[in-house]
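I open this notebook page to record what I looked up, one entry at a time.

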Amino acid sequence: PNADASGERILLTGRITDGTGAVVPDAMVEIWQADPDGRYDSGFHGFGRCATDAQGLFRFVTVKPGAVPGPGNATQAPHITITIFARGLMRGLVTRAYFAGDARLAEDPVLALVPEARRGTLLARPAGAGEWRLDIRLQGEGETVFLDI
């Protein structure tokens, strides 16, 4: 539905692992995002779902989102909201993929609530031309920060 969408085309990839570091080959990954102008009410279809493969990998082709309004008069840095559904989870785990190096990260009100030492678990990093990678650890050492929403 987004074949004609404007903006920078990106590939968001990652691997989901459990608390022991084993891949999770049967998770469902859901994304939700704004369009490149930071709007949710445009013609852009900012939603997608993808099952992980045998190596625990997920892959989405989309466009890089814009900054969106936040609490009060704050602006949230561009991000993609990610929800993980998997065996053993009573409800989905929600996290975000922010884009490493974005100047607006320092002012993001949600990211500011995360202890600085753990913010890196929310940063998608460049992994090739137009590709951003965010690996997600469900628990244990290096656990991804999940949001209580």
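**Entry 1, the model.** I note at the start that this is a predicted model, and I keep that in mind for everything I write below.

Along the principal axes, the C-alpha atoms fill a box of roughly 40 × 35 × 30 Å.

I asked what share of the 149 residues counts as buried, and the value is 44%. The protein exposes about 7900 Å², and carbon and sulfur atoms supply 53% of that area. When I took the contacts between residues at least 6 apart in sequence, 61% of them turned out to join residues at least 24 apart. I also looked up the charges: there are 15 positive and 18 negative ones, and their mean positions are 2 Å apart.

The largest nonpolar core has 21 residues, of which L12, I16, F58, I80, I82, I84 and I136 touch the most other members. Two or more residues each come from strand 1 (9–17), strand 2 (28–33), strand 4 (57–63), strand 7 (79–85) and strand 8 (93–99). Apart from this core lies another one, of ten residues, including A77, A100, V110 and V145.

I located G56 in the loop between strand 3 (47–51) and strand 4. Is G56 buried or exposed? Its relative accessibility is 0%, so G56 counts as buried. Beyond its neighbours within four places in sequence, G56 is in contact with G14, R15, I16, V23, V24 and P25. E107, by contrast, is 51 residues from G56 in sequence, and their C-alpha atoms are 32 Å apart in space.

I found L147 in the segment after strand 11 (136–137). Which residues does L147 contact, once its neighbours within four places in sequence are left aside? They are V94, T95, R96 and V110. L93 lies 54 residues away from L147 along the chain, and I noted that their C-alpha atoms are separated by 7.5 Å.

Definitions and conventions: Residues are numbered from 1 along each chain as its sequence is written. This is a predicted model: local features need pLDDT of at least 70, side-chain atom pairs count only at pLDDT 80 or more; totals for chains, interfaces and linings use all residues. Side-chain values use heavy atoms; hydrogens and water are left out. Buried means under 20% relative accessible area, exposed over 50%, partly exposed in between (1.4 Å probe, protein chains only). Contact means heavy atoms within 4.5 Å. Accessible areas come from the Shrake-Rupley method with a 1.4 Å probe; for residues, only the protein chains shown count as cover. Lys and Arg count as positive and Asp and Glu as negative; His and the chain ends are not counted. The place of a charge is taken as NZ of Lys, CZ of Arg, CG of Asp or CD of Glu. Helices (H or I, at least four residues) and strands (E, at least two) are DSSP runs, numbered from the N terminus. A nonpolar core is a set of buried Ala, Val, Leu, Ile, Met, Phe, Trp, Tyr and Cys residues joined through side-chain atoms within 4.5 Å.
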